[in-house]
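Have the viewer open as you read.

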Amino acid sequence: VLANLYRDENDSMGWHADKEKELGAQPCIASLSFGAARVFRVQHNQTKQTINVTLNNGSLLTMSDVFQEKWRHCVPKQRDTISPRINLTFRYIHKS
């Protein structure tokens with residue numbers, strides 16, 4: 001489990017996909033959010049289509065291996081003042 005604290009609207013996570021070697025060939029990530037609602041942005045690698053998803057308190061988002069191959073994601077900075085958010089990401093780490 002990885003824990004991220006987003007203290008306010010200025011904390012963010014840049015564009016990425018979870019493709020680390022230790023996650024294996026077909027990583028599946030579960031992301032659980034607590035606290036302030038935040039925008040979770042996804043963008044298709046080829047078409048550049050962008051989708052905004054609001055992750056509210058208690059939201060559970062899963063990202064399959066197909067998602068990780070075709071899309072990247074981020075948590076952008078917010079314009080409005082917001083309270084803290086904690087995000088827990090659950091992942092299986094493969095032994096080398």
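What follows goes from the overall fold to a few individual residues.

## Ground rules

This is a predicted model, so local features need pLDDT of at least 70 and side-chain atom pairs count only at pLDDT 80 or more, while totals for chains, interfaces and linings use all residues. Residues are numbered from 1 along each chain as its sequence is written, and side-chain values use heavy atoms, with hydrogens and water left out.

## The overall fold

The chain has eight strands and one helix, and from the N terminus the order is β-β-β-β-β-β-α-β-β.

How does the radius of gyration fit a compact globule? For 96 residues such a globule would come out near 12 Å, and the chain has 14 Å, which agrees. (The radius is taken over C-alpha atoms, and the globule rule is 2.2 Å times the number of residues to the power 0.38.) Along its principal axes, the C-alpha trace spans about 40 × 30 × 20 Å.

## Contacts and surface

Of the contacts with a separation of 6 or more, 79% are between residues 24 or more positions apart; contact here means heavy atoms within 4.5 Å. Buried residues make up 32% of the 96. For burial, read relative accessible area: under 20% is buried, over 50% is exposed, and in between is partly exposed (1.4 Å probe, protein chains only).

The chain exposes about 6,200 Å², with carbon and sulfur atoms supplying 52% of that. Areas come from the Shrake-Rupley method with a 1.4 Å probe, and for residues only the protein chains shown count as cover.

## A nonpolar patch

Leu5, Phe34 and Ile86 make a nonpolar surface patch, with about 270 Å² of accessible area together. To join a patch, a residue needs over 30% relative accessible area and no salt bridge; nonpolar side chains (Val, Leu, Ile, Met, Phe, Trp, Tyr) are joined within 5 Å, like charges within 9 Å. Leu5 sits in strand 1 (residues 2–6) and is exposed at 52% relative accessible area.

## Two salt bridges

How many salt bridges turn up in the whole structure? The search finds two, counting a side-chain nitrogen of Lys or Arg within 4 Å of a carboxyl oxygen of Asp or Glu. In one, Arg7 pairs with Asp11, and their closest N and O atoms are 2.8 Å apart. Arg7 is exposed at 54%, whereas Asp11 is buried at 13%.

Asp18 and Arg91 also form a salt bridge, at 3.7 Å from N to O. This pair links distant parts of the chain, 73 residues apart: Asp18 is in the loop between strand 2 (13–16) and strand 3 (29–35), and Arg91 is in the segment after strand 8 (85–90). Asp18 is buried, with a relative accessible area of 5%.

## Two loop residues

Ser59 lies in the loop between strand 5 (50–55) and strand 6 (60–63), and is buried at 18%. Its side chain reaches the backbone oxygen of Asn56 at 2.8 Å. Beyond neighbours within four places in sequence, Ser59 is in contact with Ser31, Leu32 and Ser33.

Lys48 is in the loop between strand 4 (38–44) and strand 5. Its phi is near 65°, a positive value in a residue other than glycine, and Lys48 counts as partly exposed at 48% relative accessibility.

Conventions:
Helices (H or I, at least four residues) and strands (E, at least two) are DSSP runs, numbered from the N terminus. A polar contact is a pair of N or O atoms within 3.5 Å; within protein, one must be able to donate a hydrogen and the other to accept it, and residues adjacent in sequence count only if both atoms are side-chain atoms.
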